[in-house]
Amino acid sequence: MPWPAIEPLVSDRLTLEPLSLEHAPSMVDVLSDPTLYTFTGGEPPTLDTLSTRYASQIRGPADESQGWFNWIARRHDTGAPIGFVQATVESQSQDILAEIAWVIDPAHQRQGFASEATAALIDWLHAHGVTRLTAHIHPEHTASQRVAHRQGLRPTSTIEDGEVRWESPSHDERS
Ligand SMILES: CC(C)(COP(=O)(O)OP(=O)(O)OC[C@H]1O[C@@H](n2cnc3c(N)ncnc32)[C@H](O)[C@@H]1OP(=O)(O)O)[C@@H](O)C(=O)NCCC(=O)NCCS
């Protein structure tokens, strides 16, 4: 199916900007704290690594069976980028499914920014036909669990690569 075009999203304190290559230099700093990778693995990217990753994310998947959507979260008050949210969208039986994820710079954590950005992301996804959300979260990652729970996702019994699969009720189950 044709996926919708990504667009800027605005919430109370944040603008979510569609990812562009110009974000890479400032995002190298945002993603530089090793504690960001405690529960997900990975390491702080170099500018080269991040530029290559962003080029791929912007290009999207080759077969168009998925849609890739990436936003950089920028604070209104300081103008600083502080993290990102992303969604991978695909059709699955009756549902349009979005796998979602969120990252906020430790210097800006515990101020509700992940929850605010994720809420804006989910509003947009629902407005564009997504019926079910999933996220994969390490069983000891309390902060990420709280973000998911607040958005209506709940843990399932499915474990994938050591992470618990969280899901929102499908559109059919809600109605
Ligand atoms: C997960 C993450 C995005 C949360 O960002 P944040 O902006 O601090 O989150 P919020 O301020 O919106 O807080 C969300 C909830 O988590 C709680 N929380 C935040 N940090 C916490 C911590 N270190 N320990 C326990 N709870 C925490 C908040 O109190 C809040 O709880 P509430 O909804 O019950 O009030 C951030 O910790 C992060 O980027 N971690 C590393 C990247 C990562 O693992 N991403 C997840 C991939 S799915």
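The legends below describe close-up views of a predicted model, going from the sheet to the core, the helices and the ligand shell. Local features are given only where pLDDT is at least 70 and side-chain atom pairs count only at pLDDT 80 or more, whereas totals for chains, interfaces and linings use all residues. Residues are numbered from 1 along each chain as its sequence is written.

View 1. Eight strands form an open sheet of mixed pairing, in the order E1-E2-E3-E4-E5-E6-E8-E7; helices (H or I, at least four residues) and strands (E, at least two) are DSSP runs numbered from the N terminus, and two strands pair if DSSP finds at least two bridges between them. The edge strands, each pairing on one side only, are E1 (9-10) and E7 (154-160). E1 and E2 pair in the antiparallel sense over two bridges, and the partner of Val-10 in E2 is Thr-15.

View 2. E3 and E4 pair in the antiparallel sense over nine bridges, and Ala-73 has Gly-83 in E4 as its bridge partner. Five residues lie between the strands in the hairpin of E3 and E4, where Gly-79 takes a positive phi near 75°. Strand E4 (residues 81-92) then pairs with E5 over ten bridges, again in the antiparallel sense; the partners in E5 are Trp-102 for Val-85 and Ala-98 for Val-89. The hairpin of E4 and E5 has two residues between the strands, and Ser-93 there takes a positive phi near 45°.

**View 3. Ser-91 in strand E4.** Ser-91 has its place in strand E4. With 14 other C-beta atoms within 10 Å, Ser-91 is partly exposed; a residue is called buried if 20 or more other C-beta atoms lie within 10 Å of its own, exposed if 12 or fewer, and partly exposed in between, with C-beta atoms placed from the backbone. Ser-91 and Arg-132 are 41 residues apart in sequence, and their C-alpha atoms are 10.0 Å apart in space.

**View 4. The parallel pair E5 and E6 and the crossover.** E5 and E6 pair in the parallel sense over three bridges, and Leu-97 stands opposite Arg-132 in E6. From E5 the chain crosses through H3 to E6, and this β-α-β crossover is right-handed, a term used if, with the strands pointing away from the viewer, the path from the first strand over the helix to the second runs clockwise. Because seven of its ten residues are buried, E5 is largely enclosed by the rest of the structure.

**View 5. The largest nonpolar core.** A nonpolar core is a set of buried Ala, Val, Leu, Ile, Met, Phe, Trp, Tyr and Cys residues joined through C-beta atoms within 7 Å. Of the 41 residues in the largest nonpolar core, Leu-16, Trp-71, Ala-73, Val-85, Ala-98, Ala-117 and Leu-121 touch the most other members. The elements giving two or more residues to this core include strand E2 (14-18), helix H1 (24-30) and strand E3 (66-75), while H3 gives the most, with eight residues.

View 6. The buried residues of H3 include Phe-113, Ala-114, Thr-118, Ile-122 and Trp-124. At 1.5 Å a residue, the 15 residues of H3 should span 21 Å, which agrees with the 21 Å between its end C-alpha atoms; the expected span is 1.5 Å times one less than the number of residues. For H2 (residues 47-59), the 13 residues should span 18 Å, and its end C-alpha atoms are 18 Å apart, which agrees. Gly-129, with a positive phi near 95°, follows H3, and Gly-60, with a positive phi near 85°, follows H2.

**View 7. The shell around the ligand.** The ligand is surrounded by 23 residues, the closest being Gln-109, Ala-114, Ser-115, Ala-143 and Arg-146, where a residue is near a molecule if its C-beta atom, placed from the backbone, lies within 6 Å of it. Strand E5 (95-104), helix H3 (113-127), strand E6 (132-137) and helix H4 (142-150) each supply at least two residues of this shell, and H4 gives the most, with six residues. The shell divides into twelve nonpolar, eight polar and three charged residues; Ala, Val, Leu, Ile, Met, Phe, Trp, Tyr, Cys and Pro count as nonpolar, Asp, Glu, Lys and Arg as charged, and the others, Gly among them, as polar.
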